[in-house]
Amino acid sequence: MFSGIIEHVGEVQSVSLRDKAMDMRIATHFTDLTEGESIATNGVCLTVTHFTPEGVVDFHLSGETLARTSLGVLTAGARVNLERAVSLHTRLSGHIVQGHVDGVGVLTHKEAAGDSHHLRIFMPAALRRYVIEKGSITINGISLTVNEIYEAIQHDGQQGFEIGLMIIPHTWTHTDLSTLKNGARVNLEVDMMAKYIETLLRHSPEEALLYKGSQP
């Protein structure tokens, strides 16, 4: 489990495709790793398969990971957001993040707003029911607050919606957001509590009737 608070921005050193999977080596700056631990990499929970004392880490990405996230487009030199798993004594400064990507979005707009930056992210329509104004969203592993929601947006023929985000200077300089250009693909993870509530409503005998009755 993670919190969406980025610890380091690492650099991809190499990628190697093989058998519909990928091996990736990243300079993480973590020097006290253990084999088998989890590191959220641009919001994707990856397992450390090998590491050096200097913090250069090898990860293996399955075909499933490549199909469901944006990691497959990374090349040597790319910057990635990194967070190690939280412990029970860690302050939860962001929100509960699993590192299980729900979809891939697209950065559609970026502009300065004083000393902050305003971003708009296109999201698939299937995720709309999990997103609320002032709620939490994870973008490339970063815990962010949804400021605005723009309904009924189409992007490259796909139906969806956009969210507006205000990025403070610290987040801008301590994550990969400043390096992204319009059109960049980003990993999305919605608040898992919303998904649990939906499942409870669907499978509770009494509440299921109310849930079905509310559907169009």
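Modeller: Helices (H or I, at least four residues) and strands (E, at least two) are DSSP runs, numbered from the N terminus. This is a predicted model, in which local features need pLDDT of at least 70 and side-chain atom pairs count only at pLDDT 80 or more, while totals for chains, interfaces and linings use all residues. Residues are numbered from 1 along each chain as its sequence is written, and side-chain values use heavy atoms, with hydrogens and water left out.

Colleague: OK, where does histidine 29 sit?

Modeller: Histidine 29 lies in the loop between E2 and strand E3 (38–41), and histidine 29 has a positive phi of about 75° although it is not a glycine. Most residues other than glycine have a negative phi.

Colleague: And what about aspartate 19, buried or exposed?

Modeller: Aspartate 19 has a relative accessible area of 74%, so it counts as exposed, where buried means under 20% relative accessible area, exposed over 50%, and partly exposed in between (1.4 Å probe, protein chains only). Aspartate 19 is placed in the loop between strand E1 (8–18) and strand E2 (21–27), and it has a positive phi of about 50° without being a glycine.

Colleague: Switching topic, which residues have the most contacts inside the largest nonpolar core?

Modeller: A nonpolar core is a set of buried Ala, Val, Leu, Ile, Met, Phe, Trp, Tyr and Cys residues joined through side-chain atoms within 4.5 Å. The largest has 25 residues, and those with the most contacts inside it are Ile121, Met123, Val131, Ile137, Ile139, Ile163 and Leu165.

Colleague: Which strands supply at least two residues of this core?

Modeller: They are strand E8 (116–124), strand E9 (136–139), strand E10 (142–145), strand E12 (158–167) and strand E13 (185–190), and the largest share, 4 residues, comes from E12. A second, separate core of 20 residues includes Met22, Leu66, Val80 and Val101.

Colleague: Now glutamine 154, which strand is that in?

Modeller: Glutamine 154 belongs to strand E11 (residues 148–155), and its relative accessibility is 58%, so it counts as exposed. Leaving aside neighbours within four places in sequence, glutamine 154 is in contact (heavy atoms within 4.5 Å) with Phe122 and Gln159.

Colleague: Last one, how far apart are glutamine 154 and methionine 123 in space?

Modeller: Their C-alpha atoms are 9.7 Å apart in space, although glutamine 154 and methionine 123 are 31 residues apart in sequence.
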